[in-house]
Amino acid sequence: MNQRLPEPLEQWFTSRGWTPRRHQTDMLAAARSGDHALLVAPTGAGKTLAGFLPTLTDLIENPGEGLHTLYVSPLKALAVDVRRNLLTPIEEMDLPIRVETRTGDTPSDRKARQRARPPQILLTTPESLSLLLSYADSFLMFAGLKTVIIDEVHAFATQKRGDILNLSLSRLQSINPGLRRVALSATVADVDAYRAWLAPDGDIGAVTPVMGEAGADPHVAILIPDGRIPWSGHSGKYAAKQVMEEIERRATTLVFCNTRGLAELIFQSLWSVNEANLPIAIHHGSLSIEARRKVESAMAAGKLRALVATASLDLGVDWGNVDCVIQMGAPKGSSRLLQRIGRANHRLDTPSEAILIPGNRFEYLEARAALDAVEAGERDTDDFRPGSLDVLAQHVMGLACAAPFREEELLAEIRSATPYGALTEEAFANVLHFIEGGGYALRAYDRFKRLTLGADGLWRVSHPRFVQQHRLNAGIIVDQPVLDVRFANGRKLGTVEEGFAATLRPGDSFFFSGIALEAVRMDTTDLVVRATSKQARIPTWGGTRMAMSTRLADRVRHFLAEPDQWGRFPDDVRDWLEVQKYRSALPEPGQLLIETFPHEGRHYLVCYSFEGWNAHQSLGMLLTRRMDAQGLMPMGFVSNDYALAVYGLKPVTDPQSLFSADILDHEFIQWVEQSSLLKRAFRDVAVISGLIERQHPGKRKTGRQVTFSTDLIYDVLRKYQPDHLLLKAAWADARARMTDVGRLGDLIDRASATMLHVDLDRVSPLAVPVLILIGREQVAQHAVEDALLIEAEALVAEAMRPD
C-alpha cells in the first residue's frame, strides 16, 4: 500500500527536520485501504498529526469544498488548541483548507454559516455534533463526510457522552456508508474493547489497530518535605513551599489537582509563599470562558511560570514549554497519572518530568503504587456497559427534529451502535412511547406529547415548539444548579453551585478564580461580589469524588502484606506499618480487615477495604442502619478512600452479621428509595431524556425550579408507574455512578469468607488517618482547628505506643 506523502507534506516535514513516524504512515496506509483505525500512542508521539495526516493528504490530492473531516474531542479547550496547532502546517504549506471549531461557545451566526457552508475540517464536541444532527440540512452537510476523528477516546467511551457519540456515529454512517472512523488515545488498556466500541455493529475486525512507538520513560518522583508525611489530609498543601521552589527552578510548571475546590486551595497556598512574585494562574471548569481563554493564551505564549489546574486540562491541551507536572494529592489511577505526565515536554524522545505530593500516609502508598504501575506499563481497566436509555431518548428526539422516521429502520441504525447492539424491540418501543406521551402516568399532559405516529407509519415531532425545546435543552452533562459570580459592573468571573451560594450571607468571603471575594447580594441567577482583603474560605463543589482505581487498590493491598517492600518507604511510613503489624494486623491482599476498639467513651468499627470514598459512604449508611436495628446505638461514620470508621455507644462483637450479603437487597434498596440519592439521579435522567427543560426561550430555569419539577414527577411515577423507563434509568445511575455499588457489592461478597476481625483495647496506627477526619467535616475556625490538631497528636501518640 502506498504510504508516500504528497509533495507539499513531504517538503513540510523536511523543512522542520522531521521524518514521519511509523505509526503516522501506518495511519495513512489504513486510510488508503478504507479501514477504520484506532491509534494508541504515548503523548508527544504526534497522535493528532497522525489522525489528520490522511485528511491533509486527501485534501491536497483531491481539493474541494464541503465538510471532509469531523474531529470530536471531549473538551472545548482541546478543540480550540487543536485548531491552533493544525492551522500552523496548513498556513505554512499555503493550503486552501478551512478549519473551524463548533462548541457551545461558538457564536450563533457562525453556527448558522457553518451549516450552510461548512469548512473542510470542523472541530467539535459530542454534544455539538448531536445538535447538528437535529437539523434537516444535516443530511446535506454530512453527505460528503469522509472521516470522523475521535480524540482522547478513553475519556468518554464508557460514559453517557460516549453513548451519544456512538449513536451520532451510527447516524453519520447511515448518511454516508463509506465514512471512516478514527480514534486516538495514549492510555487505552484493552485495545480490542475500544476497537469494538468504535466499529459499526461492533465488528472488531473492521478497525485496524495502530500502535505507536514507546517514548522515553518518564522521570517521576515523590516529594516528601523534611522526610515527613502528614497523618491525614488529601491536598498536599503542607508542601507548598517546596512546590514553589520547584516552580522557581523551571520555566513552566503545571500543578494538577483532583477537584476545583482543591485547585483554589492550592493556588492560595502557593501564592502565600510566592516571594519572587512569579506569574502563576488557575484554570478549572467553573471559571468563565474569558478567564480560561486568557489563561490558555498566556500559557501558549510562555507568559506563566505555573498554572494550577484540574481535569479541565488533563486532555491534549499541549504546551511544549511545560518542564514539569506536579500532582497534588493522590493520582487515583495510573492512566490518569500518565495522561497528566504527558503534559510535560510533549516530546517523544525526551523524558517527561513529574512530581507527586501525597496528602497522607495512605496516599503515599497509593502514589508509590501508581509509580510502579507506570514503570510496569500497567493501565487502568475501563468498564464498558450497555447504553443508557435516557441518552437514547434524547438522540431519538434529536433525529425526529431533523426528519420523520420509521421505527424498524431507526432501530436497525441504533443497534449498529455498539452500546445499543443488544437493544430489544420492546425496550425501543418503550423509549418511543415515553417520548410520545411521557409514559402511562403522564399521558394526560400535552407538554409531554413530543412525538406522534402518523397513519403512514412515520414518527414525527408533534409541534414545532418541541424542536426548539430540544435544541435549547439537549446535552449529556447535567451540572449542579449554579449561580453566576459577577462584579457589580456585570463582569462574570464564573459559576458556583447553588448549594454553596446558599451558605453565604452578605459580607461572607470566599476564594474564587484565585482572588478573595466578598458576597454583596444574591438574586435568582447571580451572586454579586466585590474584591476583599478579608480572610476567605474555599468554595465547595458537588459531584462524586474520584475513587482509587481497582488496580492501584490491589497494589496498595500487596504493599501492606509484603514487608520486604517497606525498605523503599520513608521512615515514618515504615514505622507506621511496623507498629500496626505488631499491635494489630495487616491484611493479606484477599482479606478484609475489621478492627474494633474503644476510644474516649465510644466504640469504633474500622473496615479497611480500599474501595473508595463513594463506596464507603454508601456502606457507612447501610452499616449504621443495621447497627441501629441491632440496638448498637450508632452515632455516625467517617471515611476516606481506604477505610470506613463507624462509631457508636455499644461495641460491635459480631461484624459478620453487619456485612451479610442481603444488605444490598434489603437495606440498600430501602436507603436509596428513602434518601435523596434516587431523586437526584432521577433529576439527571429527566433532564437528559428531555422530559424536563433546563431552558425556555429567553430564560433559564433555576436549579430550584428544575428540582421542584422533577420531584413532583418522581413522586407521581413512584406512585402510579413504578416500572417507568426513567425510574429504571435513575436506579441504574444511582447504583452504578453515584454509589460505586459494583465495588460495594464486591466488598460485601467477599466479606464473610475473608473477614479478619481484630478486637483491640485502643486505636490502631492504621485507623488514625480516618479517625482524624471526625470533627473536620464542617469548615472550622482557627480555634477549632488548633483543638483538632492537639486531639490528633494525642490520637497518634496513643496509636503508636507499642505497649
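Is Phe 384 buried, partly exposed or exposed? In this predicted model, Phe 384 is partly exposed, with a relative accessible area of 33%. The classes are buried (under 20% relative accessible area), exposed (over 50%) and partly exposed in between, with a 1.4 Å probe and protein chains only. Residues are numbered from 1 along each chain as its sequence is written. The model is predicted, so local features need pLDDT of at least 70, side-chain atom pairs count only at pLDDT 80 or more, totals for chains, interfaces and linings use all residues, and side-chain values use heavy atoms, with hydrogens and water left out.

The ring of Phe 384 pairs with that of Tyr 194. Their centres lie 5.0 Å apart and their planes stand at 75°, so the pair is edge-to-face. Rings of Phe, Tyr and Trp (its six-membered ring) pair if their centres lie within 6.5 Å; planes under 30 degrees apart count as stacked, over 60 as edge-to-face and the rest as tilted. Tyr 194 lies in helix H9 (residues 191-198), and Phe 384 in the loop between helix H14 (361-375) and helix H15 (389-402), so the pair ties together parts 190 residues apart in sequence. Helices (H or I, at least four residues) and strands (E, at least two) are DSSP runs, numbered from the N terminus. Tyr 194 is buried, with a relative accessible area of 2%.

The structure holds 16 aromatic pairs. One of them joins Trp 12 and Phe 13, edge-to-face, at 5.4 Å centre to centre and 80° between the planes. Both Trp 12 and Phe 13 are buried. Ring pairs also link Trp 231, Phe 362, Trp 576, Phe 610 and Tyr 642 into a cluster.

Five strands form an open sheet of mixed pairing, in the order E18-E17-E21-E20-E19. Strands pair if DSSP finds at least two bridges between them. Strand E18 (492-497) and strand E19 (509-512) stand at the edges with a single partner strand each, so one side of each has no neighbour in the sheet. Strands E17 (residues 482-487) and E21 (residues 526-531) run parallel and are joined by four bridges. Asp 484 has Asp 526 in E21 as its bridge partner.

Glu 246 sits in helix H10 (residues 240-249). Glu 246 is buried, with a relative accessible area of 15%. Beyond its neighbours within four places in sequence, Glu 246 is in contact with Thr 253, Ile 326 and Ile 355. Contact means heavy atoms within 4.5 Å.

Overall, the chain has 30 helices and 28 strands. Of its 803 residues, 57% count as buried.
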